[in-house]
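Subject: The structure to look through

Hi,

Here is the structure I promised to pass on. Have a look at it first, and then read my notes below.

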Amino acid sequence: MNESRILACCGFGHREVFQNISEQLDRAVLDATEQGCTLFYTGAMGEFDNLFSAAVRKAKKSYPNIKLVCVKPYMTKEINESGEYLYTLYDDIIIPTELADVHYKSVITKRNRWIISHSDVIIIYTVRNYGGAYNALKYARAQSKTIFMLEA
């Protein structure tokens, strides 16, 4: 019996992006899609995440089967008050159960690791060797993930 597995992709980059990376990001998302990724995870917490989500939405015009999933580290006021609107932006919004008892000071890192662990392809934009995006890159490398590095 031939079981097909859903391939997933995620993107990590700095909260602030000071360069125009939209074209590179569009190409990387299309490359991931052409390699079979149909599930795209985002943390939805900064400018890179917004650009990544926009690139996935753009790709959905040509590949309507792909899904964009927002992975939150915990329940937020935004989800409670704007959940209906958020579901116009994302196909799903999840809070991994593994994060339920994680201390608030480390929950973002744990959420990022969860996203990477559940992804096959990681799209990375990092211009400095510190911070959350850089730590995501190090973790993705340690997990032997396929990594698409965007040019700085």
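Before anything else, one term: a residue counts as buried when its relative accessible area is under 20%. Keep in mind too that this is a predicted model.

With that cut-off in hand, start with helix H4 (107-117). Its buried residues are Val 107, Arg 111, Asn 112, Trp 114, Ile 115 and Ile 116. What do they pack against? The buried residues of H4 pack against E1, E2, E3, strand E4 (92-94), E5 and H5. If you are wondering about the spacing along a helix, an α-helix has 3.6 residues a turn, so residues three or four places apart point the same way.

Now for the inside. In soluble globular proteins, nonpolar side chains tend to be buried together. Here the largest nonpolar core has 27 residues. Those with the most contacts inside this core are Leu 25, Val 29, Phe 40, Phe 48, Phe 52, Ile 123 and Leu 150. Two or more residues each come from helix H1 (22-34), strand E2 (37-42), helix H2 (47-60), strand E3 (67-71), helix H3 (77-89) and strand E5 (121-125). H2 gives the largest share, 5 residues. Apart from this core lies another, of 16 residues, including Ala 8, Phe 12, Leu 39 and Ile 122.

Leaving aside neighbours within four places in sequence, Leu 25 is in contact with Phe 48, Leu 51, Phe 52, Ala 55, Ile 123 and Leu 150.

Next, the loop between E1 and H1, where you'll find Val 17. Is Val 17 buried or exposed? Val 17 has a relative accessible area of 8%, so this residue is buried. Not counting residues up to four places away in sequence, Val 17 touches Glu 47, Phe 48, Leu 51 and Tyr 125. Take Glu 47: Val 17 and Glu 47 are 30 residues apart in sequence, yet 6.2 Å apart in space, C-alpha to C-alpha.

Then go to Lys 72, in the loop between E3 and H3. Lys 72 is also at 8% relative accessible area and therefore buried. Which side chain does the side chain of Lys 72 make a polar contact with? The partner is the side chain of Glu 78, at 3.4 Å. Beyond four places in sequence, the residues in contact with Lys 72 include Gly 43, Ala 44, Ile 79, Pro 96, Leu 99 and Arg 111.

Two glycines are worth a look as well. Gly 46 sits in the loop between E2 and H2, and it is buried because its relative accessible area is 13%. Its C-alpha atom is 21 Å from that of Ala 32, 14 residues away along the chain. Gly 83 lies in helix H3 and counts as buried because its relative accessibility is 13%. The C-alpha atoms of Gly 83 and Ile 93 are 8.9 Å apart, with the two residues 10 apart along the chain.

The largest pocket has a volume of about 510 Å³. Its lining is made of 27 residues, and Gly 13, Ile 108, Asn 112, Gly 132 and Ala 133 lie nearest the centre. Strand E1 (7-13), H2, H4 and helix H5 (132-142) each give two or more residues to the lining. By type, the lining residues divide into 9 nonpolar, 10 polar and 8 charged.

Happy browsing!

Notes. Residues numbered from 1 in each chain as written. Predicted model: local features only at pLDDT ≥ 70, side-chain atom pairs only at ≥ 80, totals over all residues. Heavy atoms only, no water. Core = buried A, V, L, I, M, F, W, Y, C linked by side-chain atoms within 4.5 Å. Buried < 20%, exposed > 50% of the residue type's maximum accessible area, 1.4 Å probe, protein only. Helix = DSSP H or I, 4+ residues; strand = E, 2+ residues; numbered from the N terminus. Contact = heavy atoms within 4.5 Å. 1 Å grid on protein atoms, 1.4 Å probe; cavity = no way out; pocket = protein on both sides within 12 Å on 5 of 7 lines; lining within 4 Å. Points joined across faces, edges and corners; volume = space filled by probe spheres on them. Nonpolar A, V, L, I, M, F, W, Y, C, P; charged D, E, K, R; others polar. Polar contact = N/O pair within 3.5 Å; in protein donor to acceptor, adjacent residues only side chain to side chain.
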